[in-house]
Amino acid sequence: MSEQRTIGRLRARVDQLAHEILKFGAVGGAGVLVNLGVFNLISHFTELPTVRASIAATIVAIAFNYVGFRYFTYRDRDKQGRTKELTLFLLFSAVGLIIENGVLYTATYGFGWDSQLQNNVFKFVGIGIATLFRFWSYRTWVFRALPAREAVETAESFLSEAHDQTTARK
C-alpha cells in the first residue's frame, strides 16, 4: 500500500511539473512573440545596431514576462517579499539577456551573419538557450513554492503512512 502511495505522490508531482511547464511555456511563448516583434520593429524603423535593438526588445519582453509569470504561471507561489522577488527576477533575467544576446552578438560580429533572417534565427536560438536557464532560476529562486504547503504535504504523507502501518497491524 505504501508503494502505491509513493507512486501516486510521484505521479502528482510529475503532473504538477508538467502543468507548470505548460503555463511557463504559454507565458514564455507570448514573451518570445513580444521579443521578436519589438526586435523586428526596432530593426526595421530605426538605425539601432542589431544587438542594441535586441537588448531593447529583450527588456520589453522581460517586463511582459514578469507580469505573466507573477499573475498566471506562479500566482499560487509565495507573494511575500515582492522587492526580493523582483530583484532576483531582474538579476536572473539579466543573465538570460546576456546569454540570449551573446548568441546573437557572436553570430553577428563573430561570424558576420547579419541578414534579417540570420538575426532572427540567432535571436531565436539565444532565446531558447536562455529560456532553459530562466525556467530553472525562476522556479528555484524567484517564484518559490510556499513553505507551508510543502510542510502540510509532508505532514499529511507522514500521517497517512502512519495510519496505513497501524491499519496493517490490526
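How many aromatic pairs does the count come to?

1. The count is 17 aromatic pairs. Rings of Phe, Tyr and Trp (its six-membered ring) pair if their centres lie within 6.5 Å; planes under 30 degrees apart are stacked, over 60 edge-to-face, and the rest tilted. One of the pairs is Phe-24 with Phe-135, edge-to-face, at 4.9 Å centre to centre and 80° between the planes. This pair links distant parts of the chain, 111 residues apart: Phe-24 is in helix H1 (residues 2-45) and Phe-135 in helix H4 (residues 116-142). Helices here are DSSP runs (H or I, at least four residues), numbered from the N terminus.

2. A caution on the source. This is a predicted model: local features need pLDDT of at least 70, side-chain atom pairs count only at pLDDT 80 or more, and totals for chains, interfaces and linings use all residues. Residues are numbered from 1 along each chain as its sequence is written, and side-chain values use heavy atoms, with hydrogens and water left out.

3. Phe-24 and Phe-135 are both buried (under 20% relative accessible area, 1.4 Å probe, protein chains only). Ring pairs also join them into a cluster with Tyr-66, Phe-69, Tyr-74, Phe-89, Tyr-138 and Phe-143.

4. Buried residues of H1 include Glu-20, Lys-23, Asn-35 and Phe-39. The buried residues of H1 pack against helix H2 (50-73), helix H3 (82-110) and H4, with contact meaning heavy atoms within 4.5 Å.

5. Two lysines sit over rings. The charged end of Lys-23 is over Phe-72, 5.4 Å from the ring centre. Lys-123 lies over the face of Phe-39, at 5.6 Å. The rule: NZ of Lys or CZ of Arg within 6 Å of the ring centre and within 35 degrees of the ring normal.

Terms used. Helix = DSSP H or I, 4+ residues; strand = E, 2+ residues; numbered from the N terminus. Buried < 20%, exposed > 50% of the residue type's maximum accessible area, 1.4 Å probe, protein only.
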